[in-house]
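The following questions and answers set computed values against the rules used to name things. The structure comes first.

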Amino acid sequence: MTSRDRFLSALACQPLDRPPLWVMRQAGRYLPEYRALKAQSSFVHMVQTPALAAEVTLQPLRRFPGLDAAILFSDILVIPEALGQPYSFRDGGGIAMDRRISTRADIDALSPVTAVPEKLAYVADTLRLLKSELAGSKMLLGFGGSPWTLATYMVEGGSSDDFERIKLLFYTDRATFDALLEKLTEALLVYFQMQIAAGADAIQIFDSWGGLVAGADYEAASLKWIRRIVAALPADFPVILYAKGTASHLTDQAFSGVRAISVDWTCDLAIVRRTLPANVAVQGNLDPVLMQTTPGIVARETARLLESMRGSAGHVFNLGHGITPQAKIECMQALIDTVTGWK
Ligand code: CP3
């Protein structure tokens with residue numbers, strides 16, 4: 001069975017001998033070969049150059065042939081950038097956007113959504129390179145941010161500790177908030193359609209900051225826009241929704257039209273599996289901090305999670321969030337060996 005078939009079967013909630021495995025940021029700073037490439041060019045340059053982006057995407061698969069999916073090397077912030085609000089990295093960590101979006105005039109000054117496919121043509125080129133390189137052996141994942149999560153970066157002007165600006169906009173000027181989310185929803189729809197046409201086998205939507213909004217407002221601030229995107233994509237195309245810190249919304253997310261819910265490490269995955277509809281897959285959810293411990297601890301905790309999911313169909317193995325730069329190669333190897341050797 002190819003990795004791609006295994007992954008598609010898990011998303012279809014069919015029984016499997018073991019779950020497929022991939023991790024978020026699997027191409028990233030914990031890999032020496034990634035750091036070596038990055039020493040010669042900037043992150044944005046690597047993202048925008050298809051041959052480099054494809055190479056970085058494939059690096060973890062060469063080192064760890066047991067991984068079942070390739071995830072496009074890019075960033076959620078290419079959408080604000082394509083709309084005219086570029087990003088950079090702050091010294092000492094975090095994202096800086098070139099300016100802040102705060103008024104209706106700022107939104108009107110953004111580029112039209114029709115510019116997105118042209119500005120992000122390099123993403124389609126990268127996916128086509130990957131598609132031919134992988135030749136159907138591995139699952140090819142495209143992705144993007146959720147409208148809400150992208151709006152937080154655009155309105156806060158980068159990474160934020162308190163998310164006060166975006167929440168104040170939501171509570172005091174709903175028309176402007178909705179106009180921005182509407183624009184992002186349309187841009188993401190066009191972007192995902194382009195990724196699907198270029199060969200993505202599934203799309204993961206990252207609602208990384210969905211847990212920051214008051215519980216009763218999650219629908220209006222985030223989920224309703226995600227639902228609109230999913231409804232406009234081809235009916236049988238698999239979408240995976242990752243939302244951090246949104247445990248009380250898992251059921252609503254499961255009925256949003258997505259094929260799988262990716263859950264963070266704070267949830268007991270076996271309980272989530274029992275709670276959600278049997279035709280919606282779950283993805284997750286080891287604590288990424290484990291990747292900084294020892295291979296023995298990783299093997300033990302991985303086996304514990306696998307055992308808790310024994311007999312449940314519809315599981316994609318993943319970390320509960322992205323792998324960190326401090327992750328150890330030998331811990332990643334232990335994770336892969338334990339999942340691929342599972343009986
Ligand atoms: O998983 C993969 O390998 C695919 C590539 C990928 C990246 N970013 C590359 C990246 C994916 C799926 C993302 C998603 C992303 N980017 C999210 C959603 C996921 C999440 O983390 O919740 C968010 C919020 C972003 C925005 C972003 N980009 C942040 C917060 C950072 C870290 C900044 C910092 O200083 O710590 C990035 C940078 C980034 N994106 C890196 C990678 C490999 C690290 C870049 C580097 O320093 O080399």
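Q: What links Arg 4, Lys 131 and Asp 201?
A: This is a predicted model. In this model a network of salt bridges links Arg 4, Lys 131 and Asp 201.

Q: How many salt bridges does the rule give?
A: The count comes to 13 salt bridges. Side chains of opposite charge can pair when their charged atoms come close.

Q: Why is the pair Glu 33 and Arg 63 called a salt bridge?
A: A salt bridge needs a side-chain nitrogen of Lys or Arg within 4 Å of a carboxyl oxygen of Asp or Glu. The closest N and O atoms of Glu 33 and Arg 63 are 2.8 Å apart, so the pair meets the rule.

Q: What makes Glu 33 and Arg 63 buried, exposed or partly exposed?
A: Buried means under 20% relative accessible area and exposed means over 50%, with partly exposed in between. Glu 33 has 22% and Arg 63 has 34%, so both count as partly exposed.

Q: Which strands form the open sheet, and in what order?
A: Seven strands form it, in the order S1-S4-S5-S6-S7-S8-S9, with parallel pairing. Strand S1 (69–71) and strand S9 (315–319) each have a single partner strand, so they stand at the edges and one side of each has no neighbour in the sheet. Neighbouring strands are turned by 25 degrees against each other on average, direction ignored.

Q: What makes strand S5 and strand S6 a pair?
A: Two strands pair if there are at least two bridges between them. Strand S5 (residues 202–207) and strand S6 (residues 239–243) have five bridges in the parallel sense, so they count as a pair. In one of these bridges the partner of Gln 204 is Ile 240 in S6.

Q: Which residues come nearest to the ligand?
A: Of the 25 residues around the ligand, the nearest are Arg 25, Tyr 34, Asp 75, Ser 208 and His 321. A polar side-chain atom of Tyr 34 is 2.5 Å from a ligand oxygen atom. An N or O atom in the side chain of Asp 75 is 2.7 Å from a ligand nitrogen atom. For Ser 208, a side-chain N or O atom is 2.4 Å from a ligand oxygen atom.

Q: Why is the link between Ser 111 and Lys 119 called a polar contact?
A: The cut-off for a pair of N or O atoms is 3.5 Å. The side chains of Ser 111 and Lys 119 are joined at 3.1 Å, so the distance is within that cut-off. Ser 111 is found in the loop between helix H6 (104–108) and helix H7 (116–119), and its relative accessible area of 16% makes it buried.

Q: What is the phi of Cys 13, and what is that of Ala 135?
A: Most residues other than glycine have a negative phi, and most peptide bonds are trans. Cys 13 has a positive phi of about 60 degrees, and Ala 135 has a positive phi of about 50 degrees. Cys 13 is buried at 14%, whereas Ala 135 is exposed at 63%.

Q: Which form does the peptide bond from Gly 284 to Asn 285 take, cis or trans?
A: The bond is cis, with omega near -5 degrees. Asn 285 is found in strand S8 (residues 281–286).

Note on methods:
Residues are numbered from 1 along each chain as its sequence is written. This is a predicted model: local features need pLDDT of at least 70, side-chain atom pairs count only at pLDDT 80 or more; totals for chains, interfaces and linings use all residues. Side-chain values use heavy atoms; hydrogens and water are left out. Buried means under 20% relative accessible area, exposed over 50%, partly exposed in between (1.4 Å probe, protein chains only). Helices (H or I, at least four residues) and strands (E, at least two) are DSSP runs, numbered from the N terminus. Axes are lines fitted to C-alpha atoms, for helices over the stretch in contact, and angles run from 0 to 180 degrees between N-to-C directions. A residue is near a molecule or strand if one of its heavy atoms lies within 4 Å of it. A polar contact is a pair of N or O atoms within 3.5 Å; within protein, one must be able to donate a hydrogen and the other to accept it, and residues adjacent in sequence count only if both atoms are side-chain atoms.
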